[in-house]
Amino acid sequence: MNETSRRQPRPARDRQPNQAAKWLPAVAAAGLLGMVVLAGIALGGGGDDGTTERIPADAAFVVDSSVSVLTVPESIPGVIGSVATAAPVIKVPLERTLSKGLTGDDVKLVQQRLTELGFVPGPIDGIYGDQTIKAIWAYEKLVLGTASNAPTGKVTPDMWDQLQEPFVIQPRRPNATPHHTEVYLPEQVLAIYHDNQPVMITHMSSGSNEQWCEEVTISPGEYGNRDGVEPLVRGECGISNTPGGVFTVYRQVEGIRQSALGGMWNPVYFNYGIAIHGALNVPLQGASHGCIRIPLNISETMQDLMGNGDQVFVWDGENEPEAVGSPPPTFNWIDPEYVSTSTTTTTVAQTTTTVPDTAPETTQAPATTQAPVTTQAPVQTTTTPPAATTSTTSTPTLPTLTTTLATTTTMAAGGNGTDAGG
């Protein structure tokens with residue numbers, strides 16, 4: 001089956017458009033995403049000691065979270081399937097090791113073979129770029145058994161020889177819904193299957209399993225702010241885990257979203273606020289607050305390959321997904337020590353600018369600033385004009401507190417307590 005016949009998009013099912021998607025060109029998405037202020041995601045629940053304020057559950061987002069044990073199939077095929085062929089395999093030798101920046105017909109051959117297997121190396125253009133490297137990462141981890149944090153991203157002559165062997169990538173759950181997704185946490189690889197044929201196999205990054213506390217911003221319509229009309233900002237704590245189990249896609253949203261787990265591009269939700277989504281930063285280690293990050297450019301077509309009702313199987317490396325059922329994530333709780341960092345900046349012209357501090361980090365200027373004060377315009381400002389203007393011959397020293405907002409924030413920054421990616 002060729003690339004065109006395997007990857008025909010299907011009609012979107014119950015997808016919820018983001019208003020930003022109406023005006024945000026796909027070609028400029030990456031640049032604009034860098035200016036989105038991202039924070040962590042409220043999933044509902046409370047602290048372990050019962051002393052923190054509980055975040056109200058949102059019935060509109062509650063999915064089947066039963067942990068009853070499902071039936072594990074008696075026969076579980078491996079991800080690598082052999083192909084019987086009577087014809088001899090004709091291989092083309094590789095004369096060099098391919099790595100980032102190289103070009104040539106040999107690069108095209110590698111890209112073509114990866115595409116046939118279901119990986120996504122980008123255009124078959126003979127340029128060994130970042131997308132081809134990430135496709136090789138996924139191949140090394142899933143097929144060669146390379147540790148998830150140690151792929152090279154290079155194609156050696158021996159690896160190319162193995163790549164030309166007759167084999168296919170096949171699902172571990174061939175009896176799932178016609179379109180389904182398999183998430184392999186130990187390998188940090190995600191695969192989408194249509195009728196048991198892989199249509200997207202990609203490198204990914206899941207939860208870091210670390211505890212965090214930070215200020216989060218939740219877009220209207222997201223879990224925790226379902227009926228809101230303005231972004232909700234508050235302090236929350238959580239644990240960045242991605243549970244294994246069997247789940248179902250129940251919601252998709254186009255464009256940029258901010259949730260309690262962080263910033264997301266084209267999220268596809270399958271376990272409360274946990275979603276598969278595009279991100280600018282998809283490192284080799286787990287780095288998210290629990291969501292599953294995939295490369296941003298791949299996420300542009302992901303929603304055409306997934307739909308509500310599709311099953312999502314997540315392997316945690318210890319149990320078969322059915323053995324743990326459909327457990328919810330670890331719910332966030334209100335940070336009892338949170339203090340809003342929103343401040344007021346006063347200029348010598350007696351203009352007060354209120355700066356909503358939603359950036360992950362702020363820089364505080366000294367308490368006293370000599371006039372005139374020059375303040376870089378933040379991304380979002382609300383200016384209140386003075387009631388009256390008084391002319392003076394000298395400018396007094398005004399006590400001010402100046403907060404400088406970072407004008408750019410990476411879509412999915414690192415994997416610790418300051419991580420802003422979902």
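Glu230 is exposed, with 55% of relative accessible area. Exposed means over 50%, so Glu230 passes that mark. The model that shows this is a predicted one. Glu230 sits in the loop that links strand 7 to strand 8 (232-239). Leaving aside residues up to four places away in sequence, Glu230 touches Ile218, Pro220 and Asn225. Ile218 is 12 residues from Glu230 along the chain, and their C-alpha atoms are separated by 8.8 Å.

## The whole protein

The protein has 422 residues, and 49% of them count as buried. It is built with seven helices and 23 strands. The accessible surface of the protein is about 19300 Å². Carbon and sulfur atoms own 52% of that surface.

Contacts across the sequence also tell a story. Take the contacts in the protein with a separation of 6 or more: 72% of them join residues 24 or more positions apart.

## Two helices that pack

Two packed helices are described by the angle between their axes and the distance between the axes. Helix 3 covers residues 105-117, and helix 4 covers residues 130-142. The angle between them is about 55 degrees, and their axes are 11 Å apart. Helix 3 and helix 4 are therefore oblique to each other. Their crossing is left-handed.

Which residues of helix 3 and helix 4 meet? Helix 3 brings Val110, Gln111 and Leu114. Helix 4 brings Thr132, Ala135, Ile136 and Tyr139. By class, this contact has five nonpolar residues, two polar residues and no charged ones.

## Buried residues and their neighbours

Lys141 is part of helix 4. Is Lys141 buried or exposed? Lys141 counts as buried, because its relative accessibility is 1% and the buried class lies under 20%. Setting aside residues up to four places away in sequence, Lys141 touches Thr146, Ala147, Ser148, Pro151, Glu187, Gln188, Val189, His203 and Met204. Pro186 is 45 residues from Lys141 in sequence, and the two are 9.1 Å apart in space, C-alpha to C-alpha.

Ile201 belongs to strand 6. Ile201 is buried, with a relative accessible area of 1%. Residues up to four places away in sequence are again left out of its contacts. Among those that Ile201 touches are Leu117, Gly118, Phe119 and Val120. Others include Leu142, Ile169 and Val189. Ile201 and Tyr139 lie 62 residues apart along the chain, and 8.6 Å separates their C-alpha atoms.

Gln164 is in the loop between helix 5 (157-163) and strand 3 (167-169). Gln164 counts as buried at 14% relative accessibility. Not counting residues up to four places away in sequence, Gln164 touches Val89, Ile90, Lys91, Val92 and Arg113.

## A partly exposed loop residue

Thr152 has its place in the loop between helix 4 and helix 5. At 49% relative accessibility, Thr152 counts as partly exposed. Why not exposed? The exposed class needs over 50%, so the 49% of Thr152 falls in the partly exposed class. Thr152 touches Trp137 and Glu140, with residues up to four places away in sequence not counted. Thr152 and Trp137 are 15 residues apart in sequence, and 6.9 Å apart in space, C-alpha to C-alpha.

Most residues other than glycine have a negative phi.

Phi of Asn209 is near 65 degrees, and Asn209 is not a glycine. Asn209 lies in the loop between strand 6 (197-203) and strand 7 (211-218). Tyr272 has a positive phi too, of about 55 degrees. Tyr272 is found in the loop between strand 12 (262-271) and strand 13 (274-279).

| Residue | Relative accessible area | Class |
|---|---|---|
| Asn209 | Asn209: 57% | Asn209: exposed |
| Tyr272 | Tyr272: 6% | Tyr272: buried |

Both residues sit in loops between strands. Asn209 is exposed, whereas Tyr272 is buried.

Key. Residues are numbered from 1 along each chain as its sequence is written. This is a predicted model: local features need pLDDT of at least 70, side-chain atom pairs count only at pLDDT 80 or more; totals for chains, interfaces and linings use all residues. Side-chain values use heavy atoms; hydrogens and water are left out. Axes are lines fitted to C-alpha atoms, for helices over the stretch in contact, and angles run from 0 to 180 degrees between N-to-C directions. Helices (H or I, at least four residues) and strands (E, at least two) are DSSP runs, numbered from the N terminus. Angles under 35 degrees count as roughly parallel, over 145 as roughly antiparallel, 65 to 115 as roughly perpendicular and the rest as oblique. A crossing is left-handed if the near helix is turned anticlockwise from the far one by less than a right angle, and right-handed if clockwise. Contact means heavy atoms within 4.5 Å. Ala, Val, Leu, Ile, Met, Phe, Trp, Tyr, Cys and Pro count as nonpolar, Asp, Glu, Lys and Arg as charged, and the others, Gly among them, as polar. Buried means under 20% relative accessible area, exposed over 50%, partly exposed in between (1.4 Å probe, protein chains only). Accessible areas come from the Shrake-Rupley method with a 1.4 Å probe; for residues, only the protein chains shown count as cover.
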